[in-house]
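User: I would like to go through some of the terms used for this structure and see what stands behind each one. Please set each value against its definition.

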Amino acid sequence: MSTIVEARGLSCPQPVLMTLNEIKKVNKGEIVIMVDTDTSKENVSRAAQSQG
Amino acid sequence: MPLFSFAKKKVKSIPLTQNQDRGILVFENTSEVIRAENILKTEGLKIRVMGPPPEIRTGCDLVIEFPLIEKLYILRKLDEVRVKPIQVVPVSNTLLKPVDLFHIKDFGNYIMIRAANMKLTIDKETMIIVNISDGGCPDVPYLASEMIGKHLSDAPSPRSIGHTLCGYALQLAYEEMQTRCSR
């Protein structure tokens, strides 16, 4: 079951920080990050990739 | 009280913007501003990168403010490295704004510094850069890909890999972050 992070309406770096906090909490499984701008999507993707 | 600290208190530095005739160097693009700033600072000159006054309609979004008394020396140094300003004008008003104003926000485990239009965020515990955002310049994705995930002290400086106003602003945020994190 995936964890959903609701980050729509938030400006960076908040979606990124919420993503990183969730990655720290969840060891396994899928995390779905909800964003509503392309910039947030890129920033979140980049941050997630940097976590491996 | 030790003599040195007494003497130190008596010394007053005169800000660049006061009691000194100033001029501005206008360049074609931000890369040239960054190059010129590096060169002139290396020479020990008291210069500052500023936003241009409204009457300057040419050039890029940044100008270099300098003491007019150093004009010939500065132009010679820039000529040596083929960085040529498109205008050199005396400053006649106080409308210049420094671009080194910072906004700092603490997110608990993370700290963000915004300089002009760029935000830099690091993890306070690990000092790893976690986010670089805003700006809208074409080199921001590249700057982000080169810096995110790296320790603040290991990441390349935006000055060395950036080419735009965003790179310049990010450099300011990066330097401010380094200063704050070294305290």
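Analyst: We can start with E175(B), which has a relative accessibility of 31% and therefore counts as partly exposed; buried means under 20% relative accessible area, exposed over 50%, and partly exposed in between, with a 1.4 Å probe and protein chains only. This is a predicted model, in which local features need pLDDT of at least 70 and side-chain atom pairs count only at pLDDT 80 or more, while totals for chains, interfaces and linings use all residues. Residues are numbered from 1 along each chain as its sequence is written, chains are lettered from A and ligands numbered from 1 in the order in which they are written, and side-chain values use heavy atoms, with hydrogens and water left out.

User: What makes the contact of E175(B) and R159(B) a salt bridge?

Analyst: A salt bridge is a side-chain nitrogen of Lys or Arg within 4 Å of a carboxyl oxygen of Asp or Glu. The N to O distance here is 2.9 Å, so the pair qualifies. E175(B) lies in helix α6 (residues 165–181) of chain B and R159(B) in helix α5 (residues 158–161) of chain B, 16 residues apart; helices are DSSP runs of H or I with at least four residues, strands are runs of E with at least two, and both are numbered from the N terminus. The two residues also belong to a network of salt bridges with E37(B) and K41(B).

User: Why is R159(B) called partly exposed?

Analyst: Because its relative accessible area is 22%.

User: Why is strand β3 of chain B described as largely enclosed?

Analyst: Because five of the five residues of this strand (residues 63–67) are buried. On one side these are V63(B), E65(B) and P67(B), and on the other I64(B) and F66(B).

User: How do you know that strand β1 of chain B pairs with β3(B)?

Analyst: Two strands pair if DSSP finds at least two bridges between them. Five bridges join β1(B) (residues 22–26) to β3(B), so they pair, and they run antiparallel. R22(B) stands opposite P67(B).
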